[in-house]
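The structure is shown first, and the discussion follows.

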Amino acid sequence: LSDKLDKALHVLKGHGSITEVNVAETLKEVRRALLDADVNFKIAKEFTNTVKEKALGQNVLTTLQPGQLMVKLVKDELTELMGGDAEGLNLSGNPSIILMSGLQGSGKTTFSGKLANFLKTKKSKKPLLVACDVYRPAAINQLHVVGDQVGVEVYSEEGNMNPVEIAQNAIAHAKQNGHNVIIVDTAGRLAVDEEMMTEIANVHKAIDPQETLFVVDAMTGQDAVNTAKAFNDRLNFEGVVLTKLDGDTRGGAAISIKSVVNKPIKFIGTGEKMDAIDVFYPSRMADRILGMGDVVSLVERAQEQFDEEEARKLQKKIAKNQFGFDDFIKQIQQVKKMGSMKDLVGMIPGAGKAMKDVDIDDDAFKHIEAIIHSMTPDERSTPAVINGSRKKRIAKGSGTSVQQVNQLLKQFDQMSKMMKMMQGGGGRKMMQMMGK
Ligand code: GDP
Ligand code: MG
């Protein structure tokens with residue numbers, strides 16, 4: 001998915017502004033990528049329509065690449081679609097009861113072990129695992145193996161075929177033994193059927209869990225959505241666990257399920273090992289899907305700080321060759337508002353690593369600002385008038401040397417030439433130059 005989106009958003013690079021044509025092109029690719037990731041057709045279409053409206057309705061920032069703006073729009077929309085904020089577990093019960101539901105092979109038993117481990121190590125809980133998959137002896141055994149691996153007690157009853165009874169007995173056992181969380185593993189079948197649903201609904205009713213989690217294999221794509229709906233209709237579950245999201249498994253199910261049942265995805269499973277569990281963060285998942293890392297936060301910060309109106313004025317000045325030191329200092333102040341140079345450079349893909357050992361001196365700006373402040377308005381708007389004696393005066397006034405003044409004048413001259421060449425590239429190019 002990430003590759004496809006990369007490519008899709010690439011379409012926009014090199015274009016000066018987001019036009020209706022290249023928005024449509026890009027979104028066609030985005031939609032294709034979503035469909036390939038098993039996102040429901042209707043949802044993918046709605047999604048791209050929303051992004052399109054927002055893209056066209058928004059004034060393109062002259063200071064940034066339109067492609068990045070699209071990345072941000074797509075990312076924000078994806079995040080929203082997957083639920084906005086991360087949602088935790090309700091562990092207010094004493095003991096808190098968590099019921100696992102889902103088809104056979106979805107990963108319930110494995111996830112039960114992972115969750116027990118997570119609650120034990122990360123939340124200092126004392127969990128109890130309960131084996132309510134009574135049809136296959138191997139299933140009970142499997143839970144014991146998992147429990148041993150994470151050092152969590154497993155409650156099971158040999159020969160008892162009544163999961164409701166077992167679950168109730170387990171609660172009593174937990175209370176007696178100071179367990180504050182109970183994780184009930186249940187039997188699933190290969191497909192949704194009435195018997196399975198009745199059984200889990202009975203267990204659900206009898207133990208009244210704080211959290212019923214629906215566990216679903218992310219690789220099952222569209223089927224995952226139908227299964228989620230069937231379970232939700234019967235159990236009205238609290239949250240979803242998306243398993244087998246290892247490596248580059250398509251994350252489309254996350255998007256579709258949330259849209260269809262409107263329940264938060266709470267955890268993801270990313271491997272067979274007991275530590276392969278992650279809290280689900282919609283924005284991280286969107287990042288992962290987009291594969292663009294910190295570009296998004298760079299765009300966000302830039303958006304907060306750059307005044308579009310200013311940027312437009314600046315472009316006009318550059319085009320008319322009227323760019324002076326007053327404008328220059330404004331630009332520096334804008335960039336400074338965005339954070340330290342080091343932070344900023346670190347957010348540029350690729351540059352972060354390359355620049356890691358380079359010392360970027362935020363103080364360098366102080367000299368520059370001091371020099372500019374020591375200039376007269378005339379000197380600022382027409383730097384050509386700055387002769388030898390003026391340089392001496394400026395250096396003295398700013399506590400710098402004539403050499404430093406010369407250096408700044410030279411840099412400024414080069415920059416003005418470059419900007420003219422670029423024909424009004426605006427703040428983005430300024431930023432690039434100042435980063436150097
Ligand atoms: P259950 O029938 O719902 O209890 O499913 P299991 O917990 O027995 O899991 C079925 C299979 O999926 C097992 O082979 C697990 O090792 C595997 N599995 C479970 N979760 C994950 C995961 O997050 N990633 C991968 N790669 N495999 C998983
Ligand atoms: Mg199982």
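How many helices and strands does the chain have? The chain has 21 helices and 8 strands; helices (H or I, at least four residues) and strands (E, at least two) are DSSP runs, numbered from the N terminus.

## Basis of the model

This is a predicted model, in which local features need pLDDT of at least 70, side-chain atom pairs count only at pLDDT 80 or more, and totals for chains, interfaces and linings use all residues. Residues are numbered from 1 along each chain as its sequence is written, while chains are lettered from A and ligands numbered from 1 in the order in which they are written.

## Burial and contacts

Among contacts with a separation of 6 or more, 76% join residues 24 or more positions apart; a contact requires C-beta atoms, placed from the backbone, to lie within 7 Å.

## Backbone features

Most residues other than glycine have a negative phi, and most peptide bonds are trans. N94 and P95 are joined by a cis peptide bond, with omega about 0°. P95 lies in the loop between α4 (66-81) and β1 (96-101).

K244, not a glycine, has a positive phi of about 60° and is found in the loop between β6 (239-243) and α10 (252-261). K244 is buried, because 22 other C-beta atoms lie within 10 Å. N262, also not a glycine, has a positive phi of about 55° and belongs to the loop between α10 and β7 (265-269). With 9 other C-beta atoms within 10 Å, N262 is exposed.

Methods: Two residues are in contact if their C-beta atoms, placed from the backbone, lie within 7 Å. A residue is buried if 20 or more other C-beta atoms lie within 10 Å of its own, exposed if 12 or fewer, and partly exposed in between; C-beta atoms are placed from the backbone.
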